[in-house]
Amino acid sequence: YVVSLLPPPITEGGLQTRWRYVPSAQLGGDCFGYHWIDPDHFAMYLLDVCGHGVGAALLSVSALNVLRSQSLRNTDFRVPDQVLASLNGAFPMEEHNGLYFTIWYGVFNRQSRELRYASGGHPPALLLREGRIEPLSTANFFIGGMPDSTYQSGTVSLPGPARLYLFSDGAYEVDRTDGSMWTVEELGAYLLPHPLEQAPEVEALYPFLQQMHGKDALDDDFSILKVSLFS
């Protein structure tokens, strides 16, 4: 059921997507999605509920459905900080068995080619363009922890082609066989050499981490979403 809620890849046009999702247990707390809000604004988001199991999966699906249906009251879903503030009010952790979640939410305007984004306690998205890596994050609190939290957003201009990667911490906080942990900087270095089109890095990352970890199963849920923006 959870997998059935994830959107199919977009394989044609000036905006394309690829993703890989592998829960660490039968049920996990990761979810992600994307959709056109209107003809010009494309929303993309990835969230990670603390813990695993039924409770984490239910909260993750509930938040995903709210984002997909745009059912938060008095919220402009083109404005990321509004979305995070409304989510924080809608999912207080005391009403969800102490569970909270982190999120990265962005909106790309294909007319202005601007990306507005906000993150709440979540790893930065990685923007790759012109041979360099730009982490995109905002210093906001996670969702559900403090009812009066305020949220800020950021904006970046994307006049040319670019790749954007959203992921959970399970995509980089992976122990090597020697006990050291892979880092988000190393994840960026792994992703950087791949071309914009027809790159296998999203599919290849999980088996790469399995080999580095020395086990078939990783300790945390693994989710990564790639959004390719063509000029």
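Visitor: What should I know about the model before I start?

Guide: It's a predicted model, where local features need pLDDT of at least 70, side-chain atom pairs count only at pLDDT 80 or more, and totals for chains, interfaces and linings use all residues. Residues are numbered from 1 along each chain as its sequence is written, and side-chain values use heavy atoms, with hydrogens and water left out.

Visitor: How many helices and strands does the chain have?

Guide: Helices (H or I, at least four residues) and strands (E, at least two) are DSSP runs, numbered from the N terminus. Here you get five helices and 10 strands. The radius of gyration is 17 Å, close to the 17 Å from the globule rule for 231 residues, so the chain is as compact as a globular protein of that length. That radius is taken over C-alpha atoms, and the rule is 2.2 Å times the number of residues to the power 0.38. Along the principal axes, the C-alpha atoms fill a box of roughly 45 × 40 × 30 Å.

Visitor: What share of the residues is buried?

Guide: Buried means under 20% relative accessible area, exposed over 50%, and partly exposed in between (1.4 Å probe, protein chains only). In this chain, buried residues make up 52% of the 231.

Visitor: And what share of the contacts joins residues 24 or more positions apart?

Guide: A contact means heavy atoms within 4.5 Å. Counting contacts with a separation of 6 or more, 65% are between residues 24 or more positions apart.

Visitor: Now the charges: how many salt bridges does the structure hold?

Guide: A salt bridge is a side-chain nitrogen of Lys or Arg within 4 Å of a carboxyl oxygen of Asp or Glu. There are seven in the structure. Take Arg18 and Glu203, whose closest N and O atoms are 3.1 Å apart. Arg18 sits in strand 1 (residues 15-22) and Glu203 in helix 5 (residues 201-213), so the pair ties together parts 185 residues apart in sequence. Arg18 is partly exposed at 29% relative accessible area, and Glu203 is partly exposed at 33%.

Visitor: Which parts does the salt bridge between Glu186 and Arg176 tie together?

Guide: For that pair, the closest N and O atoms are 2.4 Å apart. Glu186 is in helix 4 (residues 184-191) and Arg176 in the loop between strand 9 (162-167) and helix 4, so the parts tied together are 10 residues apart in sequence.

Visitor: Which residues are linked in a network of salt bridges?

Guide: Look at Arg129, Glu130, Arg132 and Glu134. Within that group, Arg132 pairs with Glu134 at 3.2 Å between the closest N and O atoms. Arg132 is partly exposed at 36% relative accessibility, while Glu134 is buried at 17%.
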